[in-house]
Amino acid sequence: MKLLNKIFIMLSILFILSPIPSKALEDSPKKYVYLTFDDGPTKGNTPRLLDELERLNLPATFFVVGSLVKENPEAMKKMVDNNHSIGLHTMSHNRNKCYGSHESFIKENSELRDLLRERYNIECNIIRFPFGSQNSYLRMDKVFVDKLHNNNFKIFDWHIDTTDALNPNKGPQELLNICKRQYEKFYKDNSNIIILMHTNSNNDNTIKSLEGIKNYFLELGYEFKSLDDNSKELYHIR
Ligand SMILES: [Zn+2]
């Protein structure tokens, strides 16, 4: 074989065997999905959900309610022990108590922050409004946002609502389809996607939907992450 041919074949083999240049991998921007579960901890559902998250190796964020933290200390402890991030979702989840005034909402979340600090030695500053930051009882404006920030709270609404609170009977495939539809329509290639789910006692289908949701977003190049004090806030102002 001519020398030139030999060189050409060797170069071709080297090219095929060479891995993708690491520079190219480093340069591809990271995209994250945040699974968030509101309204826990509940006695049966939350431990089952935690087991499934562990099996799937998924980090998550729980926006907990103070009265339920008191009622279900074991489920709460398991959540903390499994290193998920914990957010504040008021003491009572009661619309009259939460939304009487700015001050009452801040009190509801400050009390819960104190409770979690005392009982579990964790510092929680991320909050989620029951019914979202633009609910029919209270409209968020700049003045309120400033008050919340002055109290060191960070605010997180969501991008995708699985609607599992309103419709706990929706099957796992349907919950996955809702995620797919909303992602395709509104959030394609967003660098951050926050998904709203729940851990009420009737949310077993939510648990069953997680594997499909995980696989869908992994294939799109996303990683899963927990929200924390450094995450970019998400809320709506009128
Ligand atoms: Zn809620």
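**Notes on the predicted zinc-site model**

1. Of the 238 residues in the protein, 47% are buried. Keep in mind that this is a predicted model. The fold has 10 helices and eight strands. If you take the contacts between residues at least 6 apart in sequence, 78% of them join residues at least 24 apart.

2. On to the metal. The zinc ion is held by D39 through OD, and by H89 and H93 through NE2 in each case, at 2.1 to 2.2 Å. Along the chain the donor spacing reads D-x49-H-x3-H.

3. H93 comes out at 22%, so it is partly exposed.

4. Strand β3 covers residues 85–88. Side chains in a regular strand alternate between the two faces of the sheet. Here S85 and G87 point one way, while I86 and L88 point the other way, and all of them are buried. The partner to look at is β2, residues 61–64, which runs parallel to β3 and is joined to it by four bridges. Within that pairing, V64 sits opposite L88.

5. Helix α10 deserves a look of its own. It spans residues 204–219 and bends by about 35 degrees at L210. L210 is also one of the buried residues of α10, a list that includes N205, T206, I207, S209, I213, K214, Y216 and F217 too. An α-helix has 3.6 residues a turn, so residues three or four places apart point the same way. Just after α10, G221 adopts a positive phi of about 90 degrees.

6. Now the aromatics. Take F129 and F144: their centres are 5.9 Å apart with 90 degrees between the planes, an edge-to-face arrangement. F129 is in the loop between β4 (126–127) and α8 (142–150), whereas F144 is in helix α8 itself, so to speak 15 residues apart, and the pair links distant parts of the chain. Both partners are buried: F129 has a relative accessibility of 1%, and F144 has 0%.

7. A second pair is worth checking on screen. Y183 and Y222 have ring centres 5.8 Å apart and planes at 85 degrees; that angle is over 60, so the pair counts as edge-to-face. Y183 belongs to helix α9 and Y222 to strand β8, so the contact ties together parts that are 39 residues apart in sequence. Both tyrosines, Y183 and Y222, are buried.

8. One last thing to display: which aromatic residues do ring pairs link into a cluster? They are Y99, F105, F129, F131, Y137 and F144. The F129 and F144 pair from point 6 therefore falls inside this cluster, with F129 buried at 1% and F144 buried at 0%.

Conventions: Residues are numbered from 1 along each chain as its sequence is written. This is a predicted model: local features need pLDDT of at least 70, side-chain atom pairs count only at pLDDT 80 or more; totals for chains, interfaces and linings use all residues. Side-chain values use heavy atoms; hydrogens and water are left out. Donors are N, O and S atoms within 2.8 Å of the metal (3.2 Å for Na, K and Ca); water is not among the atoms, so sites may look incomplete. Buried means under 20% relative accessible area, exposed over 50%, partly exposed in between (1.4 Å probe, protein chains only). The bend at a residue is the angle between axes fitted to the seven residues ending there and the seven starting there. Helices (H or I, at least four residues) and strands (E, at least two) are DSSP runs, numbered from the N terminus. Two strands pair if DSSP finds at least two bridges between them. Contact means heavy atoms within 4.5 Å. Rings of Phe, Tyr and Trp (its six-membered ring) pair if their centres lie within 6.5 Å; planes under 30 degrees apart count as stacked, over 60 as edge-to-face and the rest as tilted.
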